[in-house]
Amino acid sequence: MSDATLHSITQDPDDFAVQIADSIESFIVATAEVAKGDEPDSAVPFLLLELSQLLLAGGRLGAHADIVPEERYEPDTGPDLDVDELRERFARMLDPVDVFSEVFDPYEPRTAPVPARISDNLADIVTDLRHGLAHYRAGRTTEALWWWQFSYFSNWGPTASATLRALQSLVAHVRLDQPLADLAGLDTDEGLADEALAEEAGRVMIEEIAAPLGLGRGDLTPAPEADVQS
């Protein structure tokens, strides 16, 4: 759909809502399938693709005029579904490259990077999306669009963007022959020494990322460290 069509005042709102809902439901279903762990070798590239497609829907919501809910107070959607199992499955699958560094607000002066987890972020995104999907399935289309747009700006959009950047970086490390040389200070609860953590990260990259990209173990061998003169 062209930008002119997207922003046309004559566009049927139901068409836009259906397309956004389809994209969101597709992401939820696909993420749950990846979390099953049936194809761990393709998990990272597949998540990269799914998040990219989700953020296209998010961009459309962000570019849309402000959506105003029909009711003053948000109707109760019932308790949010538990995502702990999803979170734990991804934590095991992505360990130890689950933890990455991100800047919460790039426009906040001197903001220090903070550690985040891909597994936590995916679970949080799914929680936000499911909440809006509950409205949509109950026939509250405007409420669903309002929620998805609001939470795109306030939570799942920034979270998805940060996660996409981390996944893109993982794939780039492999494709550009730049192994993860040092994860010290990020994985705060693993208790692994720096060398062991870096070695384990390299193993995961080979097993989960390099194989589906057609790269071998030799493609991920770190370059010798240069001598440092005192």
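A salt bridge is a side-chain nitrogen of Lys or Arg within 4 Å of a carboxyl oxygen of Asp or Glu. This report describes a predicted model, in which local features need pLDDT of at least 70 and side-chain atom pairs count only at pLDDT 80 or more, while totals for chains, interfaces and linings use all residues. Residues are numbered from 1 along each chain as its sequence is written, and side-chain values use heavy atoms, with hydrogens and water left out.

Side chains of opposite charge can pair when their charged atoms come close. The whole structure contains seven salt bridges, including those in the table.

| Salt bridge | Closest N and O atoms |
|---|---|
| Arg-87 and Asp-84 | 3.8 Å |
| Arg-89 and Glu-85 | 3.1 Å |

Helices are DSSP runs of H or I with at least four residues, numbered from the N terminus. Arg-87 and Asp-84 lie three residues apart in helix 4 (residues 84–94), about one turn of the helix. Arg-89 and Glu-85 also lie in helix 4, four residues apart. Shared partners join Asp-84, Arg-87, Asp-120 and Asp-124 into one network of salt bridges.

Arg-87 has a relative accessible area of 21% and is therefore partly exposed (buried means under 20%, exposed over 50%, partly exposed in between, with a 1.4 Å probe and protein chains only). Asp-84, at 37%, is likewise partly exposed.

The axes of helix 5 (residues 118–137) and helix 6 (residues 141–175) come within 9 Å and cross at roughly 160° (axes are lines fitted to C-alpha atoms over the stretch in contact, and angles run from 0 to 180 degrees between N-to-C directions).

Technical notes: Helix = DSSP H or I, 4+ residues; strand = E, 2+ residues; numbered from the N terminus.
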